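I opened my notebook to go through one structure. My entries follow, in the order in which I looked things up.

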Protein chains: 2
Amino acid sequence: MSEQVKKPIGIVETVLRDAHQSLIATRMPTEMMLPIIDTMDKVGYHAVECWGGATFDASLRFLKEDPWERLRKLKDGFKNTKLQMLFRGQNILGYRPYADDVVDYFVEKSIANGIDIIRIFDCFNDLRNLQEAVSATSKVKAREGRGHAQVALSYTLGDAYTLDYWVDMAKKVEEMGADSICIKDMAGLLLPYEATKMISAMKGATSLPIELHTHYTSGVASMTYMKAIEAGADIIDCAISPMAMGTSQPATEVMVETFKGTPYDTGYDQNVLAEIADYFRPHRDEWLASGLLNPKVMGVDIKTLLYQVPGGMLSNMVSQLKEQNAEDKYYDVLREIPEVRKDLGEPPLVTPSSQIVGTQAVFNVLMGERYKMATKETKAVLRGEYGQTVKPMNQAVIDKVIPGEERITCRPADLIENELDKLEAEMKEWKQQDEDVLSYALFPQVAVDFFKYRQAQQEKVDMTQADTKNAAYPV
Amino acid sequence: MSEQVKKPIGIVETVLRDAHQSLIATRMPTEMMLPIIDTMDKVGYHAVECWGGATFDASLRFLKEDPWERLRKLKDGFKNTKLQMLFRGQNILGYRPYADDVVDYFVEKSIANGIDIIRIFDCFNDLRNLQEAVSATSKVKAREGRGHAQVALSYTLGDAYTLDYWVDMAKKVEEMGADSICIKDMAGLLLPYEATKMISAMKGATSLPIELHTHYTSGVASMTYMKAIEAGADIIDCAISPMAMGTSQPATEVMVETFKGTPYDTGYDQNVLAEIADYFRPHRDEWLASGLLNPKVMGVDIKTLLYQVPGGMLSNMVSQLKEQNAEDKYYDVLREIPEVRKDLGEPPLVTPSSQIVGTQAVFNVLMGERYKMATKETKAVLRGEYGQTVKPMNQAVIDKVIPGEERITCRPADLIENELDKLEAEMKEWKQQDEDVLSYALFPQVAVDFFKYRQAQQEKVDMTQADTKNAAYPV
Ligand SMILES: [Co+2]
Ligand SMILES: [Co+2]
């Protein structure tokens with residue numbers, strides 16, 4: 001390969017976001033991140049993924065940390081490295097669709113507080129659900145010179161997801177003004193030689209950089225990265241070795257070493273990576289000892305490949321069947337899942353569509369009659385409230401589940417009135433910074449609990465620091 | 001790739017030998033193997049590795065099992081699948097070189113009791129140390145129609161180990177009458193794109209089938225298999241998923257799925273593999289719970305790639321330094337290792353050469369003077385007692401460590417008198433089957449302890465089964 005032109009690949013390090021979200025339920029506190037940032041900043045990563053996804057919720061809810069404060073501290077430490085976040089399209093980092101004004105404001109504040117690259121995805125790959133976040137990012141970029149909108153396509157298998165589909169999506173993503181494309185394979189479903197075909201085809205259709213994001217869950221991840229890179233992928237997502245493999249990403253050092261001396265050489269220094277690994281290794285040992293890191297998530301879950309559904313979806317299904325004493329229906333439900341998925345327009349099986357399809361499949365089997373009972377979420381999908389699916393939904397199912405109801409075909413957020421002012425009004429007593437309204441918008445109850453906690457801490461600190469003799473506070 | 005000619009690869013399943021040797025200290029008892037053999041026999045594996053290596057010692061010593069009895073039971077169950085064993089050249093399965101008559105007899109009895117493929121290796125890749133075992137296998141094959149001699153070359157890195165070296169070795173292995181070649185990478189040092197070069201070059205030099213054996217220790221294993229297969233490798237060694245990854249092999253199901261629909265398609269049935277995985281998964285959980293399987297061996301040990309020495313060698317070194325309160329000398333020893341290795345003719349770093357080089361390096365650093373003290377093993381290597389190394393040894397070191405001593409250049413076993421009669425004489429009181437003398441030859445003390453245990457068990461069983469009324473035993 002020595003004659004080939006050099007084409008160094010970039011690596012996004014996920015240890016501060018996806019790796020700990022996948023392995024230890026998003027429980028890494030900011031204080032654990034800060035001591036190693038200087039070293040991480042020397043590597044030359046394409047970016048460090050360190051915010052968004054479940055970290056926002058987990059910070060507020062479990063760690064009693066202000067996520068915005070975390071972001072500012074990270075930005076403060078990473079002088080040379082871009083910061084990346086994961087953004088759930090119109091759902092932002094929450095669990096319902098928001099009005100455009102909230103999306104715009106969240107994007108603006110994310111970049112203002114330190115984010116460079118915003119990875120935006122939608123569980124239906126309905127690009128209309130991403131457009132507002134992409135446009136908002138581009139607006140900030142035009143104004144401030146910082147901000148990069150990456151559109152992530154949720155990878156899935158199924159009749160509708162042909163090479164033509166992915167090629168067509170790549171073109172549309174470029175047309176909508178995104179700065180790069182990510183193939184986001186949350187379940188580790190993308191097989192190595194499929195990656196060859198897919199990435200080759202997409203590279204022919206777009207000039208945008210292509211990033212691949214997968215998980216080691218099913219055991220193929222490093223091979224998939226290798227074939228994707230050989231086919232032209234530009235960037236891969238990896239985690240430093242003590243936080244790699246299993247439900248997390250391939251190990252950074254392994255991919256760096258693999259491509260050393262090839263045209264894809266990252267040029268990263270293994271000694272610097274070793275320092276980072278040495279920092280996290282004792283923490284890994286503690287998490288193993290405490291049970292926060294379960295060795296079961298470190299193994300290979302081949303069921304994902306066998307049944308072509310995400311591992312998490314299968315374990316949810318098992319618990320639902322157990323609750324109903326119906327574990328013998330496992331294979332019936334397994335057969336029902338692709339049927340329900342087809343009825344609902346064959347959406348990607350990622351959160352939340354995976355849960356919606358899985359739960360409805362359990363209902364269909366347990367009730368002995370398909371759609372005798374439909375969940376609230378199934379109804380919402382059928383009404384079009386989650387957006388458009390790749391295939392039409394089953395009219396017979398629509399007629400049975402939501403007879404006579406109106407369905408929407410517009411962008412769902414077009415029906416949501418701007419809501420920022422209302423949210424501001426609701427939470428104004430707690431406001432200490434502009435960003436607080438966004439925390440409140442995403443997790444109203446959790447944010448208020450956090451605000452109360454924050455205030456209590458401040459009062460406690462203030463009291464202990466108060467100069468009681470002179471009845472004055474230090475300046 | 002659809003136009004390419006089909007070239008199905010073979011998989012050797014290691015769960016019954018290397019996987020449990022690597023993950024749970026070779027502690028899988030025969031009783032745990034037997035219930036799943038019928039299912040395993042349906043897969044169509046190229047072979048099942050199930051005997052030899054450390055299993056012989058572990059059976060006798062820890063499990064109180066007759067390894068020959070295990071082999072016969074395995075042979076009984078595997079009606080359609082070839083059985084494979086690992087054989088340490090002139091050291092057979094023990095820790096010293098044996099006379100040729102013992103080697104011959106061991107080969108004969110291994111095949112007679114059920115082995116089809118004997119993988120034979122030497123820690124110096126000195127083919128003279130393999131010749132007797134290869135010839136003995138070929139002799140049985142000519143006579144009985146069963147038996148396959150595979151020569152395994154110990155993979156290592158270093159100046160001497162050029163592509164030319166491997167090509168030359170491949171030719172010599174073919175000339176010596178072996179039936180196939182294995183590249184045996186015990187430490188997971190073979191990087192993916194190096195595998196491309198090496199396997200391509202070797203395929204051009206020999207028509208023998210080429211098998212690749214590696215471990216996931218350093219995290220590259222599945223990628224290395226992929227590149228090796230693309231370059232023409234015929235067979236890879238894998239372990240069923242619950243016993244795969246970490247210090248074990250890549251997962252069987254993952255490699256099967258990866259190559260499905262390609263010219264390399266194994267044709268194995270994932271449903272049968274899933275049954276096998278379902279059988280071992282609860283055992284894995286038990287071993288994790290009991291601590292026999294340490295989650296630490298499931299991670300990625302990147303140090304192997306960084307320092308190009310096997311992970312086990314580094315951990316030995318750390319314990320030796322700890323004992324001497326000299327952990328600050330870690331990097332000094334790390335630098336000394338390649339120097340000692342060069343002095344000793346640059347042997348592969350595999351058991352036992354890795355320990356010999358590592359310990360001598362520790363001595364050289366701690367004594368403050370190189371070779372002020374030399375281990376018994378270093379002296380033996382310098383005398384030529386382990387065989388010939390790829391490069392000449394350092395004359396100045398020879399003069400310092402074994403001044404005036406005679407060195408041997410012949411095949412070491414040429415100096416060992418036939419010893420089978422003597423061994424027979426020593427153990428005849430315990431003999432219940434022909435094979436017992438071989439158990440005794442390899443592990444005299446352990447074997448005698450086992451023979452005593454066996455006899456005690458038999459007497460106990462006999463007594464409880466005795467028809468005490470009629471003072472007669474059942475027939
Ligand atoms: Co992810
Ligand atoms: Co091995």
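Which residue just after H9(A) takes a positive phi? I found A:Gly232 there, with a phi of about 120 degrees. Before going on I noted that this is a predicted model, where local features need pLDDT of at least 70, side-chain atom pairs count only at pLDDT 80 or more, and totals for chains, interfaces and linings use all residues. Residues are numbered from 1 along each chain as its sequence is written, chains are lettered from A and ligands numbered from 1 in the order in which they are written, and side-chain values use heavy atoms, with hydrogens and water left out.

**Entry: helix H9**

I stayed with helix H9 of chain A, residues 221-230. Helices here are DSSP runs (H or I, at least four residues), strands are runs of E with at least two, and both are numbered from the N terminus. Nine of the ten residues of H9(A) are buried. Buried means under 20% relative accessible area, exposed over 50%, and partly exposed in between (1.4 Å probe, protein chains only). Among the buried ones I listed A:Met223, A:Tyr225 and A:Lys227.

**Entry: two chains**

I then superposed chain B on chain A. A rotation of 180 degrees with 0.0 Å of shift along its axis does it, at RMSD 0.1 Å. That is the relation of a two-fold axis. Which residue of chain B comes closest to the rotation axis? I found B:Met223, with its C-alpha at 2.6 Å.

**Entry: aromatic rings**

I searched the whole structure and got 41 aromatic pairs over all chains. Rings of Phe, Tyr and Trp (its six-membered ring) pair if their centres lie within 6.5 Å; planes under 30 degrees apart are stacked, over 60 edge-to-face, and the rest tilted. A:Tyr330 and A:Tyr331 make an edge-to-face pair, 5.0 Å centre to centre with 80 degrees between the planes. A:Tyr330 counts as buried because its relative accessibility is 13%. A:Tyr331 has 46%, so I put it down as partly exposed.

B:Phe87 and B:Phe106 are also edge-to-face, at 5.9 Å and 75 degrees. They link distant parts of the chain: B:Phe87 is in strand S3 and B:Phe106 in helix H5, 19 residues apart. Both B:Phe87 and B:Phe106 are buried. In chain A, one aromatic cluster includes A:Trp51, A:Phe87 and A:Phe106.

**Entry: charges over rings**

A charge sits over a ring if NZ of Lys or CZ of Arg is within 6 Å of the ring centre and within 35 degrees of the ring normal. B:Arg27 has its charged end over the ring of B:Phe62, 3.8 Å from the centre. B:Lys184 lies over the face of B:Phe121, 4.7 Å from the ring centre.

**Entry: a loop residue**

Where does A:Met186 lie? I found A:Met186 in the loop between strand S6 and helix H8 of chain A. A:Met186 is partly exposed, at 27% relative accessible area. A:Met186 and A:Gly311 are 125 residues apart in sequence, but 9.8 Å apart in space, C-alpha to C-alpha.

Methods: Copies are superposed by least squares on the C-alpha atoms of residues with pLDDT of at least 70 in both.
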